[in-house]
Amino acid sequence: MRFHCWLMRFMHCLMMMYYWFMRFMHCLMMMYYWFMRFMHCLMRMYYWLMRFMHWLMMMYYWLMRFHYWIMRFMHWLMRMYYWFMRFMHCLMMMYYWFMRFMHCFMMMYCWFMRFMHCLMMMYYWFMRFMHCFMMMYCWFMRFMHWLVMMYYWFMRFMYCLMMMYYWLMRFMHCLMMMYYWLMRIMHCLMMMYYWFMRFMHWLMMMYYWLMRFMHCLMMMYYWFMRFMHCPLMMFYWFMRFMHCLMMMYYWLMRFMHCLLMMYYWLMRFMHWLMMMYYWLMRFMHWLMMMYYWLMRFHYWIMRFMHWLMRMYYWFMRFMHCLMMMYYWFMRFMHCLMRMYYWLMRFMHRLMMMYYWFMRFMHWLMMMYYWFMRFMH
């Protein structure tokens, strides 16, 4: 019963998925239906337009030898007719590509229906007692099937028969595999239990002889401890006395080490102070020498620095001129390149518009041509 409950829940999910998909497909087909009605109106308009244009051409035929300006007017009408044909060609190509898209969509729907039918055949062979409900579902499926797959009925029916047999075989195979693996698992469990019992029996025997052996060892240890306690106590008190002596030596060494470190860091600090004084004197001597030579050569240093600054000034003026020339040249070139860039973009768009317009018009004319052959 639990398996049946979960199977019902799973099949209910499948049917709900199918139900909402049917609702969605119904919307698409209604859109297609009203689009067909709209296209039919367009074609009737086109038909009466053809009759009207035929009448105009007859008028032109009987009147062409009587008046020059009538010919001019009819020429204008023919040009209008030509552009109207180009416009109708656009409309027909839109209709053509929409039909191609809808055909692709219906093919997708067709293959989805084939898959759904396989699922429903599986459900049929598992759930024979659901026959009444499944017959209603079957008639609903046949109705939806007829809407989208008129050209594939016989092949679909044969495919359904083969899939019924295929899913029945798969289901039977699953059942046999379940039984096979259940037997294998049960065999493994029984073997595990058998060897576990053998192992536990061996462990208990091991434990029993280990306890007997340990009891012997512990008795040996007990009598040995009673004997060894006296020598060990003698050794223990001797060690405590020796430990006291060593601790006294240890703390004496630590104290002596502290005294030596104090002297060592005092010497290091004094050495650092003297070095500070020594390098201070050297630095002060260097500053005074610097000042002395600066005073001696002050005049020539000033003259040389003045000459350097003048050189730098004129060099900067010259470099500024060069950079300005380069700057304005770059601005001019940038303008030229941007003009060229936008011109190329504009030309490219014009050519693309012309190219796709020509392709689209060609498709519309072809569609119109074949549509007229089919309709007449």
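His 67 is partly exposed, with 38% relative accessible area; by the convention used here, buried means under 20%, exposed over 50% and partly exposed in between (1.4 Å probe, protein chains only). The model is predicted, so local features need pLDDT of at least 70 and side-chain atom pairs count only at pLDDT 80 or more, whereas totals for chains, interfaces and linings use all residues. Residues are numbered from 1 along each chain as its sequence is written, and side-chain values use heavy atoms, with hydrogens and water left out.

The loop that holds His 67 lies between α1 (2–63) and α2 (68–126); helices are DSSP runs (H or I, at least four residues) numbered from the N terminus. Between His 67 and Cys 5 the C-alpha to C-alpha distance is 90 Å, at a sequence separation of 62 residues.

Aromatic pairs number 40 in the structure. Rings of Phe, Tyr and Trp (its six-membered ring) pair if their centres lie within 6.5 Å, and planes under 30 degrees apart count as stacked, over 60 as edge-to-face and the rest as tilted. Phe 21 is partly exposed at 22% relative accessibility, and Phe 112 is partly exposed at 28%.

In the pair of Tyr 208 and Trp 209, the ring centres are 5.1 Å apart and the planes stand at 70°, so the pair is edge-to-face. Tyr 208 is partly exposed at 41%, while Trp 209 is exposed at 51%.

Terms used:
Helices (H or I, at least four residues) and strands (E, at least two) are DSSP runs, numbered from the N terminus.
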